[in-house]
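Here's a quick tour for anyone opening this model for the first time. Have a look at the sequence and the fold, then read on.

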Amino acid sequence: MTDKYGPRPEHKFSFGLWTVGNRGRDPFGFEVRPALSPVELVRLLGEVGAWGVNFHDNDLVPIDATTPERDRIVREFRRACEDQGIVVPMATVNLFADPVFRDGAFTANDARVRAYALQKTMRAMDLGAELGAKIFVLWGGREGTETDGCRRPDEAIKRLRDAVNFLCEYSLDQGYDYRFALEAKPNEPRADIYFPTTGAYLAFIETLDHPEMVGVNPEVAHETMAGLNFMHAVAQAWEAGKLFHIDLNDQLPGRYDQDFRFGSANPKAAFWLVKFLEDVGYEGPRHFDAHAYRTEDYEGVKDFARGCMRTYLILKEKAERWNADPEIQALLAEIREADGESVGDFTKEKAAALLAREFDRAELASKGLKYERLDQLTMEILLGVR
């Protein structure tokens, strides 16, 4: 019997090598799972039914690999993807792990480090394009400060702009047809990271030479860490036409970056997010940037990966039920009835008419809006009693 919550290619579920390959190390403890090769991780993803696999350059090719080693690794990885029917929708670059990036990459004070970061990113773009990626994510994990005495933040903004402009031109020159997705985070591993929110990046994009090539990659954990409503950030990106990619996981507010299984910490917030993505018709990858608990072996990692996808599909079904529920729809019709006709675009006549209009504030404030009932019905759908 077919599992109605089982993943299919049209769901576009993807995982990074760094997610299912996470070995459970944390600041207080060493690895608990053995290392698996990229080929082994692709096989794992094929077993759980994933559609896509993503990678940082050094998840796939070690930073000091020779050209023959690189070519062999890529050849074996491509063959594994073909065998498992898995695509590579997105690639990215690691500009945060190596000690050379301890002061940042594109924003570092040393011009040689900035140049090396560009070189490393171009090579990562070459690698991604070779494997079919059309989205390139940029996460500036070290682009930040512990002390603002190190540089003026406006200078950091200019340096990042120069770097992104350069990379856009490289993509055009090479014919890669990349769409760049910038990923925001408020802090960790730096005390403060430049461009801490999706909204900050949306403003930055409009200052670039090729804003049409650049969008955002919002991540659940990164906005939630700061106590923000992630779905609102996603909606802003979508409305701006800039939701190029999305990272799904879960997170408790005010904590370090936990990267929990999708929907495991805040199922109600996950519901509204899934409902939004499905209602607006988002067609991009649904990428799970999360990892299994440190308690797990690789069977547990498979449980984790299956759980991410299964929870998304369960919430998708709940969203469909919410949209079809007669009482919920009646409440929404009542809300829409109050919406009425908007004022519309400005004209002198409309402004004069609006200034002359009499409003009964007491009457406007007197009606209950039934949002309590609406929210309770939502909870009953989520809890499976409706």
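In which sense do β1 and strand β10 pair, and over how many bridges? They pair in the parallel sense over 3 bridges. Before going further: this is a predicted model, so local features need pLDDT of at least 70 and side-chain atom pairs count only at pLDDT 80 or more, while totals for chains, interfaces and linings use all residues. Residues are numbered from 1 along each chain as its sequence is written, and side-chain values use heavy atoms, leaving out hydrogens and water.

- Strands here are DSSP runs of E with at least two residues, and helices are runs of H or I with at least four, numbered from the N terminus.
- Two strands pair if DSSP finds at least two bridges between them.
- β1 covers residues 13–16 and β10 covers residues 286–288; F13 has R286 as its bridge partner in β10.
- β1 also pairs with strand β2 (residues 52–56), again in the parallel sense over 3 bridges, and there F15 has V53 as its bridge partner.
- Both faces of β1 are covered, with F13 and F15 buried on one side and S14 and G16 buried on the other.
- Buried means under 20% relative accessible area, exposed means over 50%, and partly exposed is in between (1.4 Å probe, protein chains only).

**Helices α11 and α12**

- The axes of α11 (residues 298–324) and α12 (residues 326–339) come within 5 Å and cross at roughly 60°.
- That makes α11 oblique to α12.
- Oblique is what remains once angles under 35 degrees (roughly parallel), over 145 (roughly antiparallel) and 65 to 115 (roughly perpendicular) are set aside.
- W322, N323 and A324 in α11 meet P326, I328, Q329 and L332 in α12, with contact meaning heavy atoms within 4.5 Å.

**D57**

- D57 sits in helix α3 (residues 57–60), and it counts as buried because its relative accessibility is 7%.
- A polar atom of the D57 side chain lies 3.0 Å from the backbone nitrogen of N94.
- Leaving aside neighbours within four places in sequence, D57 is in contact with T92, V93, N94, K120, A124 and L127.

- The peptide bond from E188 to P189 is cis, with omega near 15°.
- E188 is in the loop between β6 and β7, and its phi is near 70°, a positive value in a residue other than glycine.
- At 27% relative accessibility, E188 counts as partly exposed.
- D259, in the loop between β9 (247–248) and α10 (267–280), has a positive phi too, near 55°.
- With 11% relative accessibility, D259 counts as buried.

Methods:
Axes are lines fitted to C-alpha atoms, for helices over the stretch in contact, and angles run from 0 to 180 degrees between N-to-C directions. A polar contact is a pair of N or O atoms within 3.5 Å; within protein, one must be able to donate a hydrogen and the other to accept it, and residues adjacent in sequence count only if both atoms are side-chain atoms.
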